[in-house]
Amino acid sequence: MSAQDIIKEENKVYARPELLTDAITHYCPGCSHGVVHKLVAEVVADLGIENRTVGVAPVGCAVFAYNYIDVDWVEAAHGRAPAVATALSRLNPGNVVFTYQGDGDLAAIGTAETIHAANRGENIVIIFINNAIYGMTGGQMAPTTLLGQKTATTPYGRTAELNGYPIKISDLLAQLDGTCYVTRQAVHTPAAVRKAKSAIRKAFENAMAKKGTSIVEVVSTCNSGWKMSPEKANEWMAQYLTEKYPLGDLKNL
């Protein structure tokens, strides 16, 4: 390495995570998924576990997550990621297994798989993206959609009488004996990104230590589904979503 290269390396402030691929993203501009992908890639590389990390991607906006993070991946049917992750972890205990799921996948069709895997204390990490809407299929109401929130299937706003109440699924999971770490984070500001990375790292460290199930919920934006600019979506999320889904640790053993 030349003296000039050494100086550049010493002055480097930021570099592309080595486990992020060069694939062109399919996510909408302003989407939170890309930030969370970056954090997962950084944490896996920082821990030096890229050769034994396995991700599970089910159906949803993140169905193509395997295109972006250079670790082994398994595709799962809609909602079944925790069941697939259970097999991957049990059949090869040396694996560090994580799922990457949206709110429709985890809190709707996959509710049973998520709850029972967590209740068994499966040695997995669940990354849960909560943007309170079905982003991939056209902006329909999700289990996490707020009361009064307008979606493609609640054009006048969600009502408790017709649609029921938003599910605080992470709060439910925190009550289970099999979970060792349940936290709710966000990535809408630099400070929030740093906290989210620390939470993801702790979850992976728990998996390496075989402590049980860790859940990292990331309260996120869907500016396309919400019909907002990325800036307005961040503001709306901070004002309304985090009121229903407060940030911070729910369980930390």
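A residue is described as partly exposed when its relative accessible area lies between the buried range, under 20%, and the exposed range, over 50%. In this predicted model, C28 has a relative accessibility of 38% and therefore counts as partly exposed. C180, by contrast, has a relative accessible area of 2%, so this residue is buried. The number of disulfides in the model is 0. C28 takes part in no such bond, and the nearest cysteine sulfur, belonging to C31, is 6.5 Å away; a disulfide would require the two sulfur atoms to be within 2.5 Å.

The strands form an open sheet of 7 members, arranged in the order 2-1-3-4-6-5-7 with mixed pairing. From one strand to the next, the twist averages 15°.

Helix 3 (residues 81–91) and helix 5 (residues 111–120) have axes that come within 8 Å and cross at roughly 35°. On the side of helix 3, the contact involves P82, A83, T86 and R90, which meet E113, T114, A117 and R120 of helix 5. Classified by residue type, this contact between helix 3 and helix 5 comprises 3 nonpolar, 2 polar and 3 charged residues.

Note on methods
Residues are numbered from 1 along each chain as its sequence is written. This is a predicted model: local features need pLDDT of at least 70, side-chain atom pairs count only at pLDDT 80 or more; totals for chains, interfaces and linings use all residues. Side-chain values use heavy atoms; hydrogens and water are left out. Two strands pair if DSSP finds at least two bridges between them. Helices (H or I, at least four residues) and strands (E, at least two) are DSSP runs, numbered from the N terminus. Axes are lines fitted to C-alpha atoms, for helices over the stretch in contact, and angles run from 0 to 180 degrees between N-to-C directions. Contact means heavy atoms within 4.5 Å. Ala, Val, Leu, Ile, Met, Phe, Trp, Tyr, Cys and Pro count as nonpolar, Asp, Glu, Lys and Arg as charged, and the others, Gly among them, as polar. Buried means under 20% relative accessible area, exposed over 50%, partly exposed in between (1.4 Å probe, protein chains only).
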